[in-house]
Amino acid sequence: MSFEYSIARRLFGHREEGRRLSRPAVKIAMWGVAVGLAVMILSVGIIIGFKREIRQKVIGFGGHIEVINYRSLYTSEAQPIVVNDTLLRRLSSMQGVHHAQRFVTKTGMLKTDVAFKGVIFRGAAEEYDTTFLASHLLEGRLPRFSATEVSNEILISSLMAKELGLHAGDKVFAYFFAEQVKARRFLIAGVYETHLREFDNVLAFTDLASTQRLNEWRPDQCAGAELIIDDFSQLDARTEAVRSVMNRTTDVDDNTYSTHAITELYPGLFSWLKLLDTNVYVILLLMVGLSLFTMTAGLLIIILERTNFIAVMKSLGASDRQVRRIFLYFAAMLIGQGLFWGNVLGIGLSLLQQQFHLVHLDPATYYVDTVPIDLAWWWILLLNVATLLITLLVLIVPSHLVSRIHPAQVMRFE
């Protein structure tokens with residue numbers, strides 16, 4: 001144990017004795033660090049949690065990567081392309097791809113006696129990953145997704161159900177317009193709700209066989225294939241890998257495959273999510289500034305109240321550098337105490353919100369009904385280390401005040 005650290009620890013243990021000014025200054029400095037860190041933990045956790053929730057909802061509707069017909073990019077209706085079992089196995093076996101599934105879309109209209117609504121029917125087959133839809137099921141059950149059997153069942157959103165006055169178990173007529181009008185009667189198997197209005201307002205789910213027949217497509221023709229990857233951070237790399245294999249290749253009908261990441265299909269939504277990072281940077285800057293201000297003010301007051309101590313230490317042979325180290329060690333202990341309480345406060349409030357959903361939001365505005373928080377130990381540790389190092393580095397400047405305190409001048413006024 002160094003000489004400076006030993007003295008600093010002793011001062012820290014007796015920092016409140018007979019010090020009328022330093023006592024509140026120390027408390028304010030410590031709680032400034034604590035509150036700053038707590039706000040940083042909450043802010044980063046909320047932004048990361050919010051981005052994760054919205055991203056998972058968008059991916060739940062369309063996967064991470066879509067392989068579609070090139071002509072679908074320039075038409076209002078999806079164009080067919082061959083997606084058979086061989087292609088699905090090939091896509092599923094690619095590095096980083098967790099799952100591949102077919103889909104077919106068809107534009108139509110749901111009509112009741114009191115209202116009508118235009119929707120996009122999204123057909124799914126047996127391999128469709130229903131985890132997302134099941135987790136957002138509001139009432140009823142999921143339809144029987146199949147590529148061979150027509151179930152005449154659909155899953156509609158709560159927005160559609162409310163607008164049309166429908167519930168799970170009701171029957172509704174759907175109309176499809178092409179060269180001639182086609183009418184189908186569907187059973188509403190269930191109602192889902194994701195609060196993502198852009199999708200809830202238009203998407204209804206049914207089986208693949210129904211949408212293929214409505215489009216008059218062959219059993220091997222689909223609107224495309226959705227790929228779910230293992231790691232979202234590798235989205236660009238995985239997209240390029242799929243693109244290098246699929247793009248500019250054609251099926252048996254000379255239709256060209258085209259590959260697109262989910263961020264390319266919905267650029268506005270993902271650009272908005274990126275803008276949220278700016279809020280995090282502003283909050284982090286303000287909270288670090290709060291910690292620096294309170295700690296600098298506190299350290300200056302502590303140094304000024306301990307001029308006698310500094311004079312005695314210098315009289316005994318301590319150098320300016322050694323005395324500065326004593327006060328920097330003292331500041332590090334104070335910052336450590338602030339970090340401890342900041343973690344208790346920030347992580348504690350985060351866990352309370354995760355478990356009990358105490359703070360609610362308007363889903364029409366924020367797409368979620370409660371404040372989402374995502375806690376990861378690596379970025380909490382990073383916030384702690386960064387706060388400690390930045391604060392200590394800045395405190396080196398005010399610590400030089402001890403070099404301006406001379407023993408002879410102090411003792412002259414005693």
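Let me start with a pairing: strand 1 (residues 65-69) and strand 11 (residues 224-229) run antiparallel and share four bridges. Strands here are DSSP runs of E with at least two residues, helices are runs of H or I with at least four, and both are numbered from the N terminus. Two strands count as paired if DSSP finds at least two bridges between them.

Before going on, the ground rules. This is a predicted model, in which local features need pLDDT of at least 70 and side-chain atom pairs count only at pLDDT 80 or more, while totals for chains, interfaces and linings use all residues. Residues are numbered from 1 along each chain as its sequence is written, and side-chain values use heavy atoms, with hydrogens and water left out.

Back to strand 1. Isoleucine 65 has leucine 227 of strand 11 as its bridge partner. Strand 1 also pairs with strand 12 (residues 257-261), again in the antiparallel sense, over five bridges. There, valine 67 stands opposite threonine 259. Is strand 1 mostly covered or uncovered? Mostly covered, as five of its five residues are buried. Buried means under 20% relative accessible area, exposed means over 50%, and partly exposed is in between, with a 1.4 Å probe and protein chains only.

Strand 9 (residues 203-207) is largely enclosed by the rest of the structure, because five of its five residues are buried. Strand 9 pairs with strand 4 (residues 116-124) in the parallel sense over five bridges. In that pair, arginine 122 stands opposite phenylalanine 205.

Phenylalanine 205 brings us to the core. A nonpolar core is a set of buried Ala, Val, Leu, Ile, Met, Phe, Trp, Tyr and Cys residues joined through side-chain atoms within 4.5 Å. The largest one has 93 residues, and Ile54, Leu91 and Phe205 touch the most other members. Helix 2 (residues 22-62) gives the most to this core, with 14 residues. Apart from it lies another core, of 18 residues, including Val119 and Phe176. Leaving aside neighbours within four places in sequence, the contacts of phenylalanine 205 include Phe61, Arg122, Tyr128 and Tyr192. Contact means heavy atoms within 4.5 Å.

Now the helices. At what angle do helix 10 (residues 267-305) and helix 14 (residues 377-399) pack? The angle is about 40 degrees, with the axes 9 Å apart. Axes are lines fitted to C-alpha atoms, for helices over the stretch in contact, and angles run from 0 to 180 degrees between N-to-C directions. The two helices are therefore oblique to each other. Under 35 degrees counts as roughly parallel, over 145 as roughly antiparallel, 65 to 115 as roughly perpendicular, and the rest as oblique. Among the residues making the contact are Leu284 and Val288 of helix 10 and Leu383 and Ile390 of helix 14.

Helix 12 (residues 320-356) also meets helix 14: their axes come within 10 Å and cross at roughly 150 degrees. That makes helix 12 roughly antiparallel to helix 14.

Last, two loop residues. Most residues other than glycine have a negative phi. Glutamate 216, in the loop between helix 7 (208-215) and strand 10 (221-222), has a positive phi of about 60 degrees. Aspartate 254, in the loop between helix 8 and strand 12, has a positive phi near 65 degrees. Glutamate 216 is exposed, with a relative accessible area of 62%, and aspartate 254 counts as exposed at 63%.
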